[in-house]
Amino acid sequence: EDFQLYEEGAQQKIVHFSQDQLPLAVALVVDQSGSIKPFLRPLQYATLTALRTLKPDDQVALFVFSDETELLEDLTYDKRRVSGHFESLDAGGSTNINDALFLAAEYLRKEAPKSRRVIILVSDNVPTDPGIASPNDVMTETLEADAAIYSIKIPGENASLLQRGSRRIIGHGTVNVPKVAEETGGEVFNVEKEGSLFLAFQSVIERLKTRYTLGFYPDHAPDVRFRRLEVRLDPRL
């Protein structure tokens with residue numbers, strides 16, 4: 001009774017409600033471009049501390065990207081293996097967010113079909129390389145993978161350039177991270193507002209651990225197109 005559910009603007013009757021107990025499959029996607037070099041070392045502590053609060057049956061994979069994307073660690077229950085990679089990482093190159101998100105979503109769809117799939121993007125969210133996947137490709141693949149994108153936005157050098165008004169660094173075909181996060185049911189956490197990289201990570205993990213499943217029966221014939229759903233809290237709360 002605390003929630004209101006709408007499909008294409010029409011309110012629906014909620015017939016199922018539970019706390020989500022499915023194991024998590026998390027793709028940690030880390031920007032390795034030169035703009036975030038100061039944050040690579042703090043990532044080791046932040047990931048080690050935050051990821052170990054996940055449940056034992058939750059798995060994490062690690063992707064890093066600059067102009068290309070590399071899978072450094074397949075889905076593993078050992079969260080220490082993931083954080084250990086940050087000891088040897090170096091920064092450099094451009095920021096190809098399109099391909100990184102596309103490949104992470106594709107990986108989760110194929111490798112974790114029975115888990116709740118989540119992508120955690122660590123980046124300044126300023127793409128400088130359009131890559132191969134278009135923004136529409138990224139959105140489609142992420143929705144088909146049913147993967148929520150959570151963004152940990154760090155204050156990189158590219159972000160500083162953008163704030164000073166230089167928009168030339170963003171390509172015409174690059175993904176809008178806040179938009180894709182919202183469309184997939186995720187959220188953007190700004191490190192500057194949260195206070196530290198660790199606190200931002202902690203906030204994301206808390207979101208992942210407190211999710212609910214709502215179910216309804218649509219009043220239309222089944223089809224294959226995506227439909228817009230909206231969930232609201234009762235305004236009286």
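The protein chain has an accessible surface of about 12600 Å², and 49% of that belongs to carbon and sulfur atoms (areas come from the Shrake-Rupley method with a 1.4 Å probe, and for residues only the protein chains shown count as cover). Keep in mind that this is a predicted model, where local features need pLDDT of at least 70 and side-chain atom pairs count only at pLDDT 80 or more, while totals for chains, interfaces and linings use all residues. Residues are numbered from 1 along each chain as its sequence is written, and side-chain values use heavy atoms, with hydrogens and water left out.

Now for the overall build. The protein chain holds eight helices and eleven strands (DSSP runs numbered from the N terminus: H or I of at least four residues for helices, E of at least two for strands). Its radius of gyration is 18 Å, close to the 18 Å that the globule rule gives for 237 residues, so the chain is as compact as a globular protein of that length. That radius is taken over C-alpha atoms, and the rule is 2.2 Å times the number of residues to the power 0.38. Along its principal axes, the C-alpha trace spans about 50 × 40 × 35 Å.

Of the 237 residues, 45% count as buried (under 20% relative accessible area, with exposed over 50% and partly exposed in between, using a 1.4 Å probe and protein chains only).

For a view from one member, look at isoleucine 120: beyond four places in sequence, its contacts are Val26, Ala27, Leu28, Val29, Tyr150, Ile152, Phe201, Val204 and Leu208.

Leucine 54 lies in the loop between α1 and β5, yet counts as buried at 7% relative accessibility. Setting aside neighbours within four places in sequence, leucine 54 is in contact with Leu24, Val60, Lys79 and Ile205. Serine 83, in helix α2 (residues 79-84), is buried too, with a relative accessible area of 4%. With neighbours within four places left out again, serine 83 contacts Gln44, Thr47 and Leu48.

Finally, check the backbone at two loop residues. Glutamate 8, between β1 (3-7) and β2 (10-12), has a positive phi of about 50° although it is not a glycine. Glutamate 8 is partly exposed, at 42% relative accessible area. Asparagine 125, in the loop between β7 and α4 (135-144), has a positive phi as well, near 65°, but asparagine 125 counts as buried at 11% relative accessibility.

Terms used
Contact means heavy atoms within 4.5 Å.
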